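Please look at the sequence and the structure shown here before reading on. The points below are grouped by topic.

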Amino acid sequence: MIDANNAHTEPRLNGRKICLVTSSNIGSNPRLVKEANAMVESGAIVHVVAIESYDSQHLAMRDEHVRQTACWTYTAVQSKGWGGSFHRKFWKLTGRLLYCAGIRGPAVENMCFNPLIRRLADKAINWPADMYIAHNLAALPAAWL
């Protein structure tokens, strides 16, 4: 946007509530952190919903560092209750088998893509926002829901 003095000014988000949804850890997602910080600097109230899946202590430490320095709020979707990657792969395979057998619908399709989509969507819905943004492809169905 250009003002009367031909100086570039950034549009302000002026208190708009924005929810970013991602299917990965925040500590391994620097673009998400930069996007959330930029939106806050533009005046938005930002909340992030992300999956927490720790394969290493190093990743858990990076997530904790991001949370401590963030100027936005955060909700985690725990994947530990899903028994790790084996359980998620099992549900993906089950969804694909159901789909190939002709049993279709949003629940089966989401299961094929990412079994945690419904849990991501439920956490995002708990934080009413003006705008929901899927930060990556795997989070797109959750943000749409």
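Predicted model: local features only at pLDDT ≥ 70, side-chain atom pairs only at ≥ 80, totals over all residues.

In soluble globular proteins, nonpolar side chains tend to be buried together.

**Nonpolar cores**
- The largest nonpolar core has 15 residues, and those touching the most other members are Leu-20, Ile-26, Met-39, Val-46, Val-48 and Trp-72.
- Two or more residues of this core come from each of strand 1 (17-22), helix 1 (30-41) and strand 2 (45-52).
- Helix 1 gives the largest share, four residues.
- Another core, of 14 residues, lies apart from this one and includes Ile-51, Leu-116, Leu-120 and Ala-139.
- Leaving aside neighbours within four places in sequence, Val-46 has contacts that include Ile-18, Leu-20, Met-39 and Trp-127.

**Helix 1**
- The twelve residues of helix 1 should span 16 Å at 1.5 Å a residue, and this agrees with its end C-alpha atoms, which are 16 Å apart.
- Leu-32, Val-33, Ala-36 and Met-39 are buried in helix 1.
- Seen down the helix axis, the buried residues of helix 1 fall within an arc of 130 degrees, so they line one face.
- Strand 1, strand 2, helix 2 (57-69) and strand 4 (131-134) are among the elements covering these buried residues.
- On the face turned away from the buried side, helix 1 carries the exposed residues Pro-30, Arg-31, Lys-34 and Glu-41.

**Rings and charge**
- The structure holds zero aromatic pairs.
- The ring of Trp-127 has the charged end of Lys-17 sitting over it, 4.9 Å from the ring centre.

Methods. Residues numbered from 1 in each chain as written. Heavy atoms only, no water. Core = buried A, V, L, I, M, F, W, Y, C linked by side-chain atoms within 4.5 Å. Buried < 20%, exposed > 50% of the residue type's maximum accessible area, 1.4 Å probe, protein only. Contact = heavy atoms within 4.5 Å. Phe/Tyr/Trp six-rings, centres within 6.5 Å; stacked < 30°, edge-to-face > 60°. Lys NZ or Arg CZ within 6 Å of the ring centre and 35° of its normal. Expected span 1.5 Å × (residues − 1). Arc of directions from axis to C-beta.
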